[in-house]
Amino acid sequence: MLALRVTGIAFVLAFLALVIAVYVTRGQLPSFDELKSSPNGQMIRVLAADGTPIVNLGPSYGEWLTYDQIPQVMKDAMVAVEDRRFRSHWGVDPIGVARSFEVRLKEGHWTQGGSTITQQLARNIFLSSTKQFGRKFREGILALAMERKFTKDQVLELYLNKVYFGGGAYGIDAASRKFFGHGADHLTLDEAAIIAGLVKAPSHYSPTADAEAAVGRAGVVIGLMKETGKITAAEAAAANPKAVKLAPEPNQNSVRYFTDWALPQLENLIDEPSRPLEVWTTIDIKMQAAGDNAIRANAPGNAQGALISLDRDGAVRAMVGGKDYVTSNYNRSITALRQPGSSFKLFVYLAALEAGKRPSDQVVDEPVTIQGWSPRNSSGRNAGAMDLRTAFAYSVNTVAAKLGEEVGFSTVADMARRFGISTPIQVVPSMVLGSNDVRVIDMTRAFASVANKGVAVTPYGITKVTSMGETIYTHEVDRSHVLVAPYVAQEMTDLLQTAVNTGTGRAAQIGRPVAGKTGTTTSNKDGWFIGFSSGLTTGVWMGRDDAKVVPGLQGGTAPARAFAAFMKIATAGRPVEQFDTAVTLPDLALDNEEGFGAPDNGVFVDPDGNPIPPDQIAPDEPPTGGGDAGLPPSSENDAPQTAPDGPPKQSDRLDKKWLDRVTGGDTGNGKAPPRTPPPDRSAPADRPRDVQERRPSQ
């Protein structure tokens, strides 16, 4: 009798302690609104220009759906499979607990937790998933307290918006968008059954990982819904989870080059560290795929490639930083420093045109020596009198050198800076042939500004950012920076289209007007083609990361072909646009471009651009001023180079200076911008140690 009395007293005291614990916990719980607004990490959902999801970063939270917005079929499915007595228990289900202990005694280990929906919610928000008695006891206290503080509808609303469904998706809306491509506010019975079935084992029953397992589990859910009277036998018989169409997996490969470049800029654009974000970008899925295919199909097997395509307002429509992001996430279109070869002559001729030269003006291709530097054409001969159009079309070195001397090499450097070249420029005679390192994005931007009739084009990748239906950032295009007079841009376009129609860039023709320029560097280490048509400007670079020779690589071959392959697809839906001037043939036809197409093989220069006497050149020293003597006569005139020196650049920390430098900043006032601080030259983590990037000596 005494023992029974003691047991009774202990039971009463334990019950009182439990009640006190529950009500103390209830008082400490956050409010319903606080729980709604407390995500477990920021989710960033990145969308293409047409709204197509391209990547989800961080925990994925969809739109918050109120209890009334959640389809009844979804609520019924979840209750049927996870907690059929949800409406009748107080947060802990004694029957479920008893069953879990019974199974524990039979099986020798825990196979059923007996957790209610409220307990699962408490665990997801406040506790870990460790299967320990202490955790289960705290989970029970929290569940009882939550049911004292919140209504059943509020508990179910919190649960359906916060429970994990696999694949990084938290909540039914994120799961619905991930697996079915639409919001959860209009889920069908079959879709709701698939989602409800995921809670038990998200990775095992994921429809993208194991469709058969997901369909089988959904069938179990539908059976339980019929058993609990939530659907009729006829509805259960008509259900067919196998017929549910799953959303395609977003592209996770080359588009990541773009997202790795664009998303860090959010830090400067917005101040929102916690709320889920939807980032609307400029990327065009079709163009991105075309760019990816063009680089893979045309870049030599031992070389890498990069491509950027800008719309007329600077919107980045495609960005390919290499052949395969998974193998190497080093973004060559943004970070790599490479010599541009003859594509740098854009700035020489812009400076000459601004100084009063005209495409029809006569010049003489003849031997020339400037400050001890004697550039030559690869054949060692000269063609004599020609107009500027011919000299540009066939990329004649001597004429470019004479123009640079005439207008002033510092003027050429200023023109390059004015058009967005953000890397240091050594003002030496050899610079006119592309001896300074540049970035693909900068060169492409410069050509885009010419296409834009001399108005500065600044690349951008984010159009707007929204959060929970609110727009918190919208990009505004700045069209106020006039770089050169419209007639200068028009005459430059005249020269560029001649280079494609009759000169070194013929492989870039796409059946509509194209203007552009090739570039090839010493011993075929780099090949470039940059051009524009129908409002799109595209830059292509190819070469090895270690700056070694790529046999046969020339700007007019693989890069021009990649440009054409991409642009044929990219411009297909755009109207054909004629340039302001008709194509004018050069006044001199050079036989197969012999002697004018190849890089200058006879020029060796030191870091200051001065000639190196032949007797001081080591036998194994690579030429610094041209290509191989055996290059086909159809290749082009290009730049002297310095030997590889130092590792490739890595993207600088994202701050205002970095963003200004990458996107060009405010350099459109016709003056040289403030001197850019030396960038970080540490090697990217994914690059081999022996990989080196060329840069001018400081």
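This is a chat about a few features of a predicted model.

Q: Let's start with the open sheet. What order do its strands come in?
A: The order is β2-β1-β5-β10-β11, so five strands in an open sheet, and the pairing is mixed.

Q: Which strands are at the edges?
A: Those are β2, residues 53–57, and β11, residues 470–474. Each of them pairs on one side only.

Q: And how much are neighbouring strands turned against each other?
A: On average by 20°, if you ignore direction.

Q: OK, so what is phi for Gln371?
A: Positive, near 50°, and Gln371 isn't a glycine. You'll find Gln371 in the loop between β8 and β9.

Q: Is Gln371 buried or exposed?
A: Exposed, because its relative accessibility is 58% and the cut-off for exposed is over 50%.

Q: What about Ser534, where is that one?
A: Ser534 is in the loop between β13, residues 526–533, and β14, residues 536–543. Its phi is positive too, about 50°.

Q: And is Ser534 buried or exposed?
A: Buried: the relative accessible area of Ser534 is 3%.

Q: Switching to aromatics. How many aromatic pairs are there in the whole structure?
A: A search finds eight. One of them is Tyr349 with Phe392, where the ring centres are 4.8 Å apart and the planes are at 75°, an edge-to-face pair.

Q: Where do Tyr349 and Phe392 sit?
A: Tyr349 lies in helix α15 and Phe392 in helix α16, so the pair ties together parts that are 43 residues apart in sequence. Both Tyr349 and Phe392 are buried.

Q: Why do Phe532 and Phe579 count as edge-to-face?
A: Because their planes are at 85°, and edge-to-face needs over 60 degrees. The centres of these two rings are 5.8 Å apart.

Q: Which parts of the chain does that pair link?
A: Distant ones: Phe532 is in strand β13, and Phe579 is in the loop between α21 and α22, 47 residues apart. Phe532 is buried at 4% relative accessible area, and Phe579 also counts as buried, at 18%.

Q: What charged end sits over the ring of Phe392?
A: That of Lys517, 5.7 Å from the ring centre. There's also Arg217, whose charged end sits over the ring of Tyr205, 5.5 Å from the centre.

Q: Last topic: how do helices α9 and α10 pack?
A: At an angle of about 110°, with their axes 8 Å apart. That makes α9 roughly perpendicular to α10.

Q: Which residues meet there?
A: From α9 you have Leu189, Asp190, Ala193, Ile194, Ala196 and Gly197. From α10 they meet Arg217, Ala218, Val221, Ile222 and Met225. Arg217 is the residue with its charged end over Tyr205, by the way.

Definitions and conventions. Residues numbered from 1 in each chain as written. Predicted model: local features only at pLDDT ≥ 70, side-chain atom pairs only at ≥ 80, totals over all residues. Heavy atoms only, no water. Pairing = 2+ DSSP bridges. Helix = DSSP H or I, 4+ residues; strand = E, 2+ residues; numbered from the N terminus. Axes fitted to C-alpha atoms, helices over the stretch in contact; angles between N-to-C directions. Buried < 20%, exposed > 50% of the residue type's maximum accessible area, 1.4 Å probe, protein only. Phe/Tyr/Trp six-rings, centres within 6.5 Å; stacked < 30°, edge-to-face > 60°. Lys NZ or Arg CZ within 6 Å of the ring centre and 35° of its normal. Parallel < 35°, antiparallel > 145°, perpendicular 65-115°, else oblique. Contact = heavy atoms within 4.5 Å.
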